[in-house]
Amino acid sequence: MSGQYEAPNVDDKAIWDLWLSMHYLPAATAADELGIIDALCARPMTLDDMVSDLSLNRRALGVTMSVLCALNLAARREGAYHPSSVARAYLRSDSEYYWGPLFSSYKNSSSIHEQLINLLKSGDG
């Protein structure tokens, strides 16, 4: 090879979306288990508010909140996070449309979910 790389003529976004999807559900299930969505439904919160109120690791929480924002489950406005209408309807534990019970089989069998919970609680994977 000459060291040159010829890129394919097709965008690889679908492949990246597929690859990154393994991180989407764990972010939502961890946020559900640790009460992040319920806390945001109670009031908009900064990252520091969530770290303090929920006793979570700042760095891991920042990354998780970025994923939740990318998935349109939360939004950051003026430094505070707010739940999306989808999160309020389906991820708030007192909603009649709450999906939490459907997540239980995944949470019980996923090492990624467990690792993320550990990171969020202590910073250790």
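Trainee: What should I know about the model before reading values from it?

Mentor: The model is predicted, so local features need pLDDT of at least 70 and side-chain atom pairs count only at pLDDT 80 or more, while totals for chains, interfaces and linings use all residues. Residues are numbered from 1 along each chain as its sequence is written, and side-chain values use heavy atoms, with hydrogens and water left out.

Trainee: How many helices and strands are there in the protein chain, and in which order do the elements run?

Mentor: Helices (H or I, at least four residues) and strands (E, at least two) are DSSP runs, numbered from the N terminus. The protein chain has 8 helices and 2 strands, in the order α-α-α-α-α-β-β-α-α-α from the N terminus. Along the principal axes, the C-alpha atoms fill a box of roughly 60 × 35 × 30 Å.

Trainee: What span does helix H5 reach from its first C-alpha to its last?

Mentor: The expected span of a helix is 1.5 Å times one less than its number of residues. H5, residues 58-70, has 13 residues and reaches 18 Å, close to the 18 Å expected.

Trainee: What is found at the start of H5, and what just after it?

Mentor: For the start, look for a polar contact (a pair of N or O atoms within 3.5 Å; within protein, one must be able to donate a hydrogen and the other to accept it, and residues adjacent in sequence count only if both atoms are side-chain atoms). Here a side-chain oxygen of Asn 57 comes within 3.1 Å of the backbone nitrogen of Arg 59. Just after H5, Asn 72 has a positive phi of about 60°. The backbone oxygen of Asn 72 is also 2.9 Å from a polar side-chain atom of Ser 84.

Trainee: Is Ser 84 buried or exposed?

Mentor: Buried means under 20% relative accessible area, exposed over 50%, and partly exposed in between, with a 1.4 Å probe and protein chains only. Ser 84 has a relative accessible area of 16% and is therefore buried. Ser 84 lies in the loop between E2 and helix H6 (85-90). Contact means heavy atoms within 4.5 Å; leaving aside neighbours within four places in sequence, Ser 84 is in contact with Asn 72, Leu 73 and Ala 74. In the protein chain, buried residues make up 34% of the 125 residues.

Trainee: Which residues of H5 are buried, and what do they pack against?

Mentor: An α-helix has 3.6 residues a turn, so residues three or four places apart point the same way. In H5 the buried residues are Ala 60, Leu 61, Gly 62, Thr 64, Met 65 and Leu 68. Their packing partners are helices H2 (24-33), H3 (36-42), H4 (47-54) and H8 (111-122), together with strands E1 (74-77) and E2 (80-83).

Trainee: At what angle do H4 and H5 cross?

Mentor: Axes are lines fitted to C-alpha atoms, for helices over the stretch in contact, and angles run from 0 to 180 degrees between N-to-C directions. The axes of H4 and H5 come within 10 Å and cross at roughly 125°. That makes H4 oblique to H5, given that angles under 35 degrees count as roughly parallel, over 145 as roughly antiparallel, 65 to 115 as roughly perpendicular and the rest as oblique. Leu 47, Asp 48, Met 50 and Val 51 of H4 make the contact with Arg 58, Leu 61, Gly 62 and Met 65 of H5.

Trainee: How does H2 pack against H5, by angle and by residues?

Mentor: The angle between H2 and H5 is about 110°, with the axes 9 Å apart. H2 is therefore roughly perpendicular to H5. From H2, Tyr 24, Ala 27, Ala 28 and Ala 31 meet Thr 64, Val 67 and Leu 68 in H5. Ala 28 is buried, at 8% relative accessible area. Not counting residues up to four places away in sequence, Ala 28 touches Leu 68 and Leu 73.

Trainee: Where does Ser 55 lie, and what is its phi?

Mentor: Ser 55 lies in the loop between H4 and H5, and its phi is near 55°, a positive value in a residue other than glycine. At 55% relative accessibility, Ser 55 counts as exposed.
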